[in-house]
Amino acid sequence: MELTVRAATTAELPELMQLYTNARAFMQTHGNPTQWHAGYPGEARLAAEIERGVCHVVMGEGAIQAVFCLIPGDDPTYHHIEDGAWPEDVPYATIHRLASAGHVGGIGRLCVQWCLQQGLPVRADTHADNTYMQHTLEACGFVRCGTIYTEDGTPRWAYYHYAI
């Protein structure tokens, strides 16, 4: 199957929200019950990210196979890191909210590799229980740098990859 990455559109918002609903259900039944609370990421946040051009979809066989955000610039939740440090203090982009439709194996790796090809170092974070994302990041060459805290104060493992 040929897969392509492109910017998400506002018209796709209902489908993307359903994809996140399905991803939350998958996480809850696969050992990660608390990473994304009900309704996360929320329609308003996602609509704003689509408008800013930082929300992307992976298309395959005429359907959305995955969604993720690559957000360039400073992320306030990454200002404080515990039990480690960022390896360098340079402009970066952050991967957020990667979710798969569950139909294509290796789709997370494809999304992460696309992000790495955009020319900036990349940061990411994930819940300690999200072994799927941890494995994907580590398989793509990310290193764990410590722990950061999200907007709601919950801890996340922080990862980094130098620009390629």
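Here are some numbered notes to read alongside this predicted model.

1. Seven strands, in the order 1-2-3-4-5-7-6, make up an open sheet with mixed pairing. Strand 1 (3-7) and strand 6 (143-149) are at the edges; each has a single partner strand, so one side of each has no neighbour in the sheet. Going from one strand to the next, the twist averages 30°.

2. Now zoom in on strands 2 and 3. They run antiparallel and are joined by 6 bridges. If you want a pair to look for, find V57, which stands opposite V67 in strand 3. Helix 1 lies across strand 2, strand 3 and strand 4, and its direction is at about 90° to strand 3.

3. Compare two residues, T94 and A139: is each buried or partly exposed? T94, in strand 4 (residues 93-100), has a relative accessible area of 1%, so T94 is buried. Leaving aside neighbours within four places in sequence, T94 is in contact with C69, L70, I71, D75, Y78 and R123. A139 belongs to helix 4 (residues 131-139) and is partly exposed, with a relative accessible area of 39%. From C-alpha to C-alpha, A139 is 10.0 Å from V112, although the two are 27 residues apart in sequence.

4. C111 is buried, at 0% relative accessibility. C145 is in no disulfide either: the nearest cysteine sulfur, in C140, is 15 Å away. C145 is buried too, with a relative accessible area of 8%.

5. The salt bridges come to 3. One of them joins the side chains of R6 and E12, at 2.3 Å from N to O. In that pair, R6 is partly exposed at 30% relative accessibility, while E12 is buried at 11%.

6. Next, R45 and E151 meet through their side chains in a salt bridge of 2.7 Å, N to O. Because R45 lies in helix 2 and E151 in the loop between strand 6 and strand 7 (155-161), this pair ties together parts that are 106 residues apart in sequence. R45 is partly exposed, at 27% relative accessibility, whereas E151 is exposed, with a relative accessible area of 64%.

7. Finally, look at R97 and E49, whose side chains form a salt bridge of 2.2 Å, N to O. R97 sits in strand 4 and E49 in helix 2, so parts that are 48 residues apart in sequence are tied together by the pair. R97 is buried, with a relative accessible area of 8%, and E49 is buried as well, with 3%.

Key
Residues are numbered from 1 along each chain as its sequence is written. This is a predicted model: local features need pLDDT of at least 70, side-chain atom pairs count only at pLDDT 80 or more; totals for chains, interfaces and linings use all residues. Side-chain values use heavy atoms; hydrogens and water are left out. Helices (H or I, at least four residues) and strands (E, at least two) are DSSP runs, numbered from the N terminus. Buried means under 20% relative accessible area, exposed over 50%, partly exposed in between (1.4 Å probe, protein chains only). Contact means heavy atoms within 4.5 Å. Two strands pair if DSSP finds at least two bridges between them. Axes are lines fitted to C-alpha atoms, for helices over the stretch in contact, and angles run from 0 to 180 degrees between N-to-C directions. A disulfide is a pair of cysteine sulfur atoms within 2.5 Å. A salt bridge is a side-chain nitrogen of Lys or Arg within 4 Å of a carboxyl oxygen of Asp or Glu.
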